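Biologist: I have a model open and want to learn how to read it. Where do we start?

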Amino acid sequence: MSTLLRQHAEQQFAEELHELKKNETNSVPENWEMSPQSVVTYLMGGKLKNGFEVSPKYIGNRRLMEIAVATLVTDRALLLYGLPGTAKSWVSEHIAAAISGNSTLIVQGTAGTGEEAIRYGWNYARLLAEGPSEGALVQTPIMKAMQEGKIGRIEELTRIGSDVQDTLITILSEKTLPIPELNKEVQAIRGFNIIATANNRDKGVNDLSSALKRRFNTVILPLPDTIDEEIDIVRRRVESFEKVMQLPAEKPALEEIRRVVTIFRELRQGATNDGKTKLKAPSGTLSTAEAISVVNNGLAMAGYFGDGQIHAEDLVSGILGAVVKDPVQDKVVWQEYMETVVKNRDGWKDIYRASRDMI
């Protein structure tokens, strides 16, 4: 049997979820796998009464996770909002896994997502053969979530056209999905709710109508507050990736992760960490997710085309790919950063040389 490239959260962290349920002492809402308090412990990590260690899935403000989980006990849906790479999808998946034991009831929002992806569709061969019938109906993840009392997920809600978005209004307000062709309806059972994600780079593309906004509680996921917080996130995700991919490389030294995160944070905020040098910001977001990708790419380079130990030249290609999205404007930003910051920074000469050689 082949090994899965990526397991769902409920598969990867099955032991933690099992231990949390086994040690449950708080009241559990109907059709939830565990109490809201245990869901937050699963997200934030902690030690259980029996000494079992739960790993953190989200590193940041605990109160944000408490608000997000508490929302899902109410009649309002949850909208996770923020810059690309702020762990919106990651948090959405883990909340659904902890509450429902199933994170797979998901609709991916795109400009081409139609009503049938959210409400229901039809098997057209059967529809032509037997007309509108239960057998010809194609259930969507949202319909299944309603029937089973589970959490449905919608990724990139603001990428979906406004007219399609508004098909959610009846589902969220009435907890009902009418099927007029069959003269029936699907009524949601307890435990059902929706987690949607949206990134603020898409603001103005397909903004939510005021009627739909009222059905959501919005939790804004920020970029990590401190450099140490961001380094910890990158380290944990890289170690997880390395374990799955079985790369022939050593774990990256914390100092290499620190350098990547420092570069991203300084360019993102338009100034060096000490505030002494103003910098031009590139056109990309330089999110934590991209920093993880850069270190992962560096590990692959070191493992297959290097000596197994990650060096500056292994990282620079990934850093350039993340920073230089616009070959003219961003290249100037990067070169200025190299000459004014990196060149004069103690212990960073290897990054300067590797970048100069590559450019």
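This is a predicted model: local features need pLDDT of at least 70, side-chain atom pairs count only at pLDDT 80 or more; totals for chains, interfaces and linings use all residues.

Biologist: Which residue forms a salt bridge with Arg-153?

Modeller: Glu-155 does, and the closest N and O atoms are 3.6 Å apart. Glu-155 has a relative accessible area of 5%; the cut-off for buried is under 20%, so Glu-155 is buried too.

Biologist: What is the general idea behind such pairs?

Modeller: Side chains of opposite charge can pair when their charged atoms come close. In this structure the count comes to 24 salt bridges.

Biologist: Over which ring does the charged end of Arg-345 sit?

Modeller: Over the ring of Trp-348, 4.7 Å from its centre. Look for another charge over a ring at Tyr-42: Lys-57 lies over the face of Tyr-42, at 4.1 Å from the ring centre.

Biologist: Which residues are linked in a network of salt bridges?

Modeller: Asp-232, Arg-235, Arg-236 and Glu-239. An α-helix has 3.6 residues a turn, so residues three or four places apart point the same way.

Biologist: Now the aromatic rings. How do I describe a pair?

Modeller: A pair of aromatic rings is described by the distance of the centres and the angle of the planes. This structure holds 3 aromatic pairs. One of them joins Phe-13 and Tyr-42, with 6.3 Å from centre to centre and 80° between the planes, which is edge-to-face.

Biologist: Where in the chain are Phe-13 and Tyr-42?

Modeller: Phe-13 is in the loop between α1 (9–12) and α2 (14–22), and Tyr-42 is in helix α3 (residues 36–44). The pair links distant parts of the chain, 29 residues apart. Phe-13 and Tyr-42 are buried.

Biologist: Why is the pair of Tyr-120 and Trp-122 edge-to-face?

Modeller: Because the planes of Tyr-120 and Trp-122 lie at 85°, and over 60 counts as edge-to-face. The ring centres are 5.9 Å apart. Tyr-120 and Trp-122 are both buried.

Biologist: Leaving aside neighbours within four places in sequence, which residues does Ser-133 contact?

Modeller: Trp-122 and Leu-182. Ser-133 lies in the loop between α7 (124–130) and β6 (137–139). At 16% relative accessibility, Ser-133 counts as buried.

Biologist: Back to α3. How many of its residues are buried?

Modeller: 7 of its 9 residues, so read α3 as mostly covered under the 20% cut-off. The buried residues of α3 include Val-39, Val-40, Tyr-42 and Leu-43. The buried residues of α3 pack against α1, α2, β1 (46–47), β2 (53–54), α4 (62–71) and α5 (88–100). Just after α3, Gly-45 takes a positive phi of about 85°.

Biologist: Last topic, the nonpolar core. Which residues touch the most other members of the largest one?

Modeller: Ile-263, Phe-264, Ile-319, Trp-334 and Tyr-337, in a core of 39 residues. Helices α12 (227–245), α13 (254–269), α14 (288–305), α15 (312–323), α16 (329–340) and α17 (349–358) each supply at least two residues of this core. α15 gives the most, with 7 residues.

Biologist: What does Trp-334 touch, not counting residues up to four places away in sequence?

Modeller: Among them are Ile-263, Leu-267, Ile-319, Leu-320 and Ile-359. Apart from this core lies another, of 33 residues, including Leu-79, Ile-160, Val-164 and Ile-194.

How values were computed: Residues are numbered from 1 along each chain as its sequence is written. Side-chain values use heavy atoms; hydrogens and water are left out. A nonpolar core is a set of buried Ala, Val, Leu, Ile, Met, Phe, Trp, Tyr and Cys residues joined through side-chain atoms within 4.5 Å. Buried means under 20% relative accessible area, exposed over 50%, partly exposed in between (1.4 Å probe, protein chains only). Helices (H or I, at least four residues) and strands (E, at least two) are DSSP runs, numbered from the N terminus. Contact means heavy atoms within 4.5 Å. Rings of Phe, Tyr and Trp (its six-membered ring) pair if their centres lie within 6.5 Å; planes under 30 degrees apart count as stacked, over 60 as edge-to-face and the rest as tilted. A charge sits over a ring if NZ of Lys or CZ of Arg is within 6 Å of the ring centre and within 35 degrees of the ring normal. A salt bridge is a side-chain nitrogen of Lys or Arg within 4 Å of a carboxyl oxygen of Asp or Glu.
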